[in-house]
Amino acid sequence: MSTQDEKERLELLQGTLDMLILRTLIFGSQHGQGIARAIQQSSEEELLVEHGALYPALRRLEERGWISAKWGTSSNNRKARFYSLTAAGRKQLVKETTKWKRLATAIGRILDPAKEG
Amino acid sequence: MFRRKRKASDFSSEIEAHLQLESELLREQGLTEEEARATARRSFGNVMHSEEHFYESTRWLGWDHFWQDLRYGLRVLRKAPGFTAIAVLTIALGIGATTAIFSVVDATLLHPLPYGQPEQLVTLCDDLPGIGAHDVGMSQPEWQDLQRSGIFEHVSPAQFDENNLTGSSRPARVRILIVAPNYFALLGVKPQLGRAFDPEDHSPGLVLEVLISDGLWKRAFGADPNILDKSVRLDTDLYRIVGVMPAGFDAPGRTPEERNIEVWAATSFYGAPMPDQPPRNRRSLPTAIGRLKPGLTIAAAQSRLDALVASLQKEFPGDYPRQSAWTVRLLPLKESVVGNVRQSLILLLGAVGLVLLIGCVNVANLLLARGSARGREMAIRRALGAAHTRLTRQLLTESVLLSLIGGTAGLLVLFCTKGFLLRHVPESLPRLNDISISWGVLFFALGASLVAGVVFGLAPALHARRLDLNHMLKQEGRGTTGSGEQTRTRRILVITEFALSLVLMIAAGLLLRSFWDLLNVRLGFNAQNVMAVRTRLPDPNDPKADLYGSPAQEAPFLREVLRRGRTLPGVEEVALGDTASIPLDESLRNLKLISEGQFLFTLEGDIQNDQPSVVERSSVTPEYFHLLGIPLLRGRLFNDLDNDKAPQVTVVNEAFARAYWPNENPLGKRFKRNRAEAPWITVVGVIANARTQSLAQDGVPQIYLDLYQTGGKRLAIFLRGQLAAAIPDQVREQVQSVDPTLPVSGGQTLKETVSASLAERRFSMEMIALFALTALLLAGLGIYGVISYMVSERTHEIGIRIALGAERRSVVRMVLRQGLGLAIAGAAVGLIGALIVSQLMAGLLYGVRPTDPMTFAGVTGLLLGVAVLACYLPARRALRVDPLVALRHE
């Protein structure tokens with residue numbers, strides 16, 4: 001029972017995480033730590049990204065061909081693996097964003113029906 | 001999918017980079033080096049888990065597990081050297097022996113014959129089933145008909161002969177095959193040097209060209225590269241050598257003599273020295289092979305051939321009497337070459353396969369015993385979360401590893417002993433030279449090892465699935481589980497082993513009895529102290545050049561050889577005969593020489609007028625019968641008055657007299673060769689039957705003609721007495737002092753001839769007996785192991801019984817009962833199997849019925865005896881159990 005619950009939550013998070021990563025990369029290529037930090041900051045620290053979960057997600061996205069990666073040097077002169085958005089990734093981001101917005105609106109409607117007039 | 005794979009190390013360094021970037025950031029925010037590092041790690045989560053996750057997702061896990069299992073398996077095997085040694089040895093024995101036999105089967109039965117498109121090659125057999133004559137050969141006009149029939153690409157008769165080759169240091173007897181000019185085109189082989197005959201050469205008489213074998217080229221001509229166009233004399237006739245066949249080229253044939261041809265000569269079988277127009281009813285071409293038109297199956301060819309035969313019979317009713325029912329049979333060439341050893345070889349392969357299987361059962365038993373010792377290990381691994389499949393796989397990997405090691409060991413031994421083993425294969429085995437450890441054989445060995453590994457690994461592996469964790473872990477440190485189920489499996493294995501062994505032993509027993517009966521058969525002639533030396537008189541193409549052309553010309557030579565023979569030291573008696581008269585001469589079996597062997601004849605005053613019969617015949621001098629100790633029953637033997645001027649006479653054996661003149665006095669009866677101009681032959685004597693034609697057959701009708709009346713080119717000189725080893729050489733000197741051009745060979749004692757005629761039987765009998773003994777040993781060990789195990793398991797119980805006053809006898813009885821129960825159950829199953837197998841091998845038996853009760857009872861008794869012995873030893877150990885020790889045992 002409990003594993004079932006966890007799985008569902010994970011799934012949801014994963015999907016979201018993927019979208020957030022793609023979104024972050026729209027501003028240019030970035031390494032893993034940078035992505036984690038960026039998500040944290042742009043969500044005004046509301047979202048705490050577990051860094052360990054980030055890398056499997058990055059790998060997944062890379063395997064699907066939505067992002068590409070190569071080793072480079074960071075601003076403070078450290079070697080890091082930089083990810084950038086591919087064309088397919090861009091398309092995927094649009095798709096995901098639309099889906100997410102629809103979902104959010106729909107859920108919003110249910111949770112707060114009064115608003116709709 | 002085919003993107004470049006990311007390495008685990010790359011992933012790790014990425015994570016490391018992340019941690020460094022993060023901690024740097026944190027340090028900038030004011031944390032100390034140590035704090036920063038710790039916080040970075042904390043916020044990352046489980047690094048190991050991430051790495052592991054990555055690792056597992058990038059590889060095929062099975063491979064990893066396999067390597068793990070393999071390494072672990074090797075470690076386990078190393079840790080139990082005794083067990084490993086026994087198991088590897090058993091498997092090595094099984095795989096080695098099976099592979100050895102398979103390499104023979106592979107070379108003889110599985111490989112196509114080494115000729116071009118061998119599947120199109122056939123042997124043609126002319127039969128006259130109406131008069132019980134088979135393989136009677138064809139006539140020249142028939143051959144021509146077949147050539148033109150459109151069924152065959154080529155047909156070539158083949159006639160075996162022995163000739164005197166002169167030109168080399170000493171006159172030599174060479175094996176020669178007289179074929180049609182299209183012979184080599186038919187077989188699709190080319191000489192290594194020079195050329196083959198011109199297939200279109202249809203000129204009369206013999207083509208004055210020969211091809212020689214690689215062996216003769218090297219032996220007699222020192223591998224002279226300029227051999228081509230040199231001339232050799234064969235029986236005083238001059239031939240030009242036009243080609244040398246490659247090494248390893250064997251003529252297709254059943255016997256070594258037929259295969260090891262040294263000289264090929266060609267003719268279209270008409271024109272001097274043969275008749276210009278050979279008559280249709282004279283079957284002078286003893287064998288023939290053919291190549292079917294492309295795309296024609298043998299069945300289709302046979303039906304077209306049947307139609308052809310029918311129309312020829314209609315066209316020439318005088319040459320093909322209806323009663324004889326002439327047919328021509330097509331056989332795949334391969335069948336005629338290896339057909340007669342197929343059954344023996346398959347039996348051998350089956351036997352050795354059984355040994356392997358029994359070996360597997362034994363190893364399975366060992367593994368099971370060990371499996372129970374490792375029960376705790378398995379239980380702990382299960383408790384720690386190892387999956388069922390993972391454990392099964394590990395056990396199977398171990399057993400396959402074991403069998404592969406065993407198989408490799410077996411192959412190595414085979415490689416090392418190859419030469420030794422090959423020397424023991426009878427020479428008569430066709431395609432002996434092709435036997436090798438080829439890729440196919442290696443694949444077979446590998447496959448057999450893998451299958452064996454799975455077979456004996458399966459039972460222990462399946463058992464590991466059904467471990468009772470609770471029970472196992474509760475047992476303190478001790479390995480034995482002895483679950484009821486496991487014991488049951490082991491019993492079933494032992495029963496199987498006994499059943500298989502019994503089948504094998506009964507097969508061996510039947511062969512042994514057949515062989516024994518053959519050895520002790522009443523020969524009807526005395527083979528003691530008799531030797532046969534051969535010589536051959538020249539048979540030139542031009543009859544005028546023939547010094548021994550008529551019996552009258554030959555007689556002085558025969559008398560002189562007899563006279564000189566008697567003067568040799570130790571010689572008591574001398575006789576002469578043609579080579580057909582050599583008793584049980586294996587080299588002549590299945591091999592027809594012109595005018596020798598089968599003899600078509602017509603009885604005088606036969607009611608069924610003109611119906612020819614066929615009989616084995618030989619020409620001998622009168623001393624032959626006394627020398628071989630064949631008694632005269634009626635009438636007289638040949639005497640000096642029976643010369644070439646006198647009417648022809650014959651001595652027949654009892655079987656012949658019975659067959660043709662039952663209840664009549666055979667003396668004075670007449671018959672003649674089945675030819676218009678042939679003279680009448682009068683029966684003057686009847687002798688007792690002797691098994692000179694076949695050891696296995698009694699009462700083969702035979703006739704003997706007088707050598708002084710028939711003459712003969714291929715002669716045997718029989719000598720009886722205390723013969724020294726130098727006798728063959730002394731005979732050569734004597735013969736060559738009469739005529740220096742004559743080759744002299746042989747010098748086998750009749751004992752050796754008789755023994756050689758049993759070579760093939762002896763070989764398969766010895767092999768099967770060896771396998772059966774191995775099986776018996778393995779089965780004995782198997783039951784010993786199981787009973788010992790049971791006893792050790794019940795030490796406690798036995799101790800209590802003894803302590804409570806049980807009689808020792810009853811304890812022994814208890815143990816024996818258990819063991820014998822298994823043995824009897826196994827024997828019962830085995831008897832059923834043996835009944836089936838013995839029916840299948842009926843063709844290989846002589847003298848015993850496939851259900852011979854003595855063999856069945858004897859062998860079963862022997863097996864049970866071994867079982868009792870194997871059980872008695874542990875039972876005695878059980879008796880020595882000290883009740884005090886036994887009670888403390890737990």
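1. Helix 21 of chain B, buried side. I727(B), P728(B), Q730(B), V731(B) and V735(B) are buried in helix 21 of chain B. A residue is buried if 20 or more other C-beta atoms lie within 10 Å of its own, exposed if 12 or fewer, and partly exposed in between, with C-beta atoms placed from the backbone. Seen down the helix axis, the buried residues fall within an arc of 160°, so they line one face of helix 21 of chain B. The arc is taken over the directions from the helix axis to the C-beta atoms. An α-helix has 3.6 residues a turn, so residues three or four places apart point the same way.

2. Basis of the model. This is a predicted model, in which local features need pLDDT of at least 70 and side-chain atom pairs count only at pLDDT 80 or more, while totals for chains, interfaces and linings use all residues. Residues are numbered from 1 along each chain as its sequence is written, and chains are lettered from A and ligands numbered from 1 in the order in which they are written.

3. Helix 21 of chain B, length and packing. The helix covers residues 727-738 and has 12 residues. Its first and last C-alpha atoms are 17 Å apart, close to the 16 Å expected at 1.5 Å a residue. That expected span is 1.5 Å times one less than the number of residues. Its buried residues pack against strand 11 (530-536), helix 17 (551-567), strand 20 (714-721) and strand 21 (744-749) of chain B. Contact requires C-beta atoms, placed from the backbone, within 7 Å. Helices (H or I, at least four residues) and strands (E, at least two) are DSSP runs, numbered from the N terminus.

4. Strand 18 of chain B. This strand spans residues 680-687, and six of its eight residues are buried, so it is largely enclosed by the rest of the structure. Strand 16 (residues 648-653) of chain B pairs with strand 18 in the parallel sense over six bridges. N653(B) has I687(B) as its bridge partner. Strand 15 (residues 632-635) of chain B pairs with strand 18 in the antiparallel sense over three bridges. There, L632(B) stands opposite I687(B). Strand 17 (residues 670-673) of chain B is also antiparallel to strand 18, over three bridges, and F671(B) is partnered with I681(B). Pairing means that DSSP finds at least two bridges between two strands.

5. Chain A fold. Chain A has four helices and three strands, in the pattern α-β-α-α-β-β-α along the sequence. Buried residues make up 26% of its 117 residues. The three strands of chain A form an open antiparallel sheet in the order 1-3-2. Strand 1 (30-31) and strand 2 (67-73) of chain A are at the edges with a single partner strand each, so one side of each has no neighbour in the sheet. Two bridges join strand 1 of chain A to strand 3 of chain A. H31(A) has F82(A) as its bridge partner in strand 3 of chain A.

6. Chain A against chain B. Which elements of chain A give two or more residues to the side that touches chain B? In total, 16 residues of chain A are in contact with 15 residues of chain B. The elements are helix 2 (32-42), helix 3 (51-64) and strand 3 (79-85) of chain A. Helix 3 of chain A gives the largest share, six residues. The residues on this side of chain A divide into four nonpolar, seven polar and five charged. Here Ala, Val, Leu, Ile, Met, Phe, Trp, Tyr, Cys and Pro count as nonpolar, Asp, Glu, Lys and Arg as charged, and the others, Gly among them, as polar.

Notes. Two residues are in contact if their C-beta atoms, placed from the backbone, lie within 7 Å.
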